[in-house]
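Good morning, and thank you for coming. Today I would like to walk through one protein model, with attention to its charged side chains.

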Amino acid sequence: MLSLNPNTMSERENYKMLIGSIIPRPVAVVTSLAKDGTLNIAPFSYFNIVTSNPPIISLSIQRQNGQMKDTAHYIVTSKEAVVHIAEESYIKDINQTATSCSTEESELSLTNFTLNQAKSISVPMLSELQIKMEVTLYQHIEIKDDHQVTADLLLLSVNYYHIDDTLYDHGRIDFKKLRPMSRLAGSDYAKIGEVITIERPV
């Protein structure tokens, strides 16, 4: 077995080890607003549940040359965002939102998405995606190496869930109808494949 010390590896080498090993990863499609009202849309796969009591999810956003990315900056500034779950029907549009746009340009123009107003926050939601969560910033944690801040870990409180009626059944979500997409390495995504049910031991 090969053993590697991450402290002797470059950032890129560590990145490849992590994204190739920790798979599949759920994909969050995040909308946030600049101060001038420009809508920002971006997908992130460093995303997961933190706790259900209270409902908090996490989003980790890597910095570029020590600079905070737009999504992180807008959420830290406004303390609001909408997190959507990536799904198969719109994966090409979702992938388009990964384009690097200027701060004055919205990724919305690169997609077929339309907008709905949220219930409790000013950030709009993407109408077409079937699961949306209105969130507010619970905590911002700066991740540092020896020299500078390298990432922003955002803990986000869920204010509202919005779930398409066809997915919802007595408090549960039908993942087969949702058809969520997950992230692998490189340019690869994964669909839900064979499902194995194993009961937990008592």
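Let me begin with a term: a salt bridge is a side-chain nitrogen of Lys or Arg within 4 Å of a carboxyl oxygen of Asp or Glu. Please keep in mind that the model on the screen is predicted. In this model, the side chains of E88 and K191 meet in such a salt bridge, with 3.2 Å from N to O. The pair joins distant parts of the chain, since E88 lies in the loop between β6 and α3, K191 lies in the segment after β14 (189-190), and 103 residues separate them. K191 counts as exposed, because its relative accessibility is 55% and exposed means over 50%.

E88 has another partner, R179, and here the closest N and O atoms are 3.6 Å apart. This pair also links distant parts of the chain: R179 is in the loop between α4 (175-178) and β13 (182-183), 91 residues from E88. Both residues are partly exposed, R179 with a relative accessible area of 36% and E88 with 22%.

How many salt bridges does the structure hold? There are four. One of them is formed by R63 and E142, whose closest N and O atoms are 3.8 Å apart. R63 sits in the loop between β5 (55-62) and α2 (70-78), while E142 belongs to strand β9 (residues 131-144), 79 residues away. Is R63 buried or exposed? R63 counts as buried, because its relative accessibility is 15% and the cut-off for buried is under 20%. E142, by contrast, is partly exposed, at 38%.

I turn now to the protein as a whole. The fold has four helices and 14 strands. Its radius of gyration is 18 Å, close to the 17 Å that the globule rule gives for 202 residues, so the protein is as compact as a globular protein of that length. Along the principal axes, the C-alpha trace spans about 50 × 50 × 35 Å. Buried residues make up 39% of the 202. The protein exposes about 12,600 Å², and carbon and sulfur atoms supply 50% of that area. As for charge, the mean positions of the 18 positive and 24 negative charges are 3 Å apart.

Finally, consider V50, which is found in strand β4 (residues 47-52). V50 is partly exposed, with a relative accessible area of 44%. Leaving aside residues up to four places away in sequence, V50 touches I56, I57, S58 and L155.

Note on methods. Residues are numbered from 1 along each chain as its sequence is written. This is a predicted model: local features need pLDDT of at least 70, side-chain atom pairs count only at pLDDT 80 or more; totals for chains, interfaces and linings use all residues. Side-chain values use heavy atoms; hydrogens and water are left out. Helices (H or I, at least four residues) and strands (E, at least two) are DSSP runs, numbered from the N terminus. The radius of gyration is taken over C-alpha atoms; the globule rule is 2.2 Å times the number of residues to the power 0.38. Buried means under 20% relative accessible area, exposed over 50%, partly exposed in between (1.4 Å probe, protein chains only). Accessible areas come from the Shrake-Rupley method with a 1.4 Å probe; for residues, only the protein chains shown count as cover. Lys and Arg count as positive and Asp and Glu as negative; His and the chain ends are not counted. The place of a charge is taken as NZ of Lys, CZ of Arg, CG of Asp or CD of Glu. Contact means heavy atoms within 4.5 Å.
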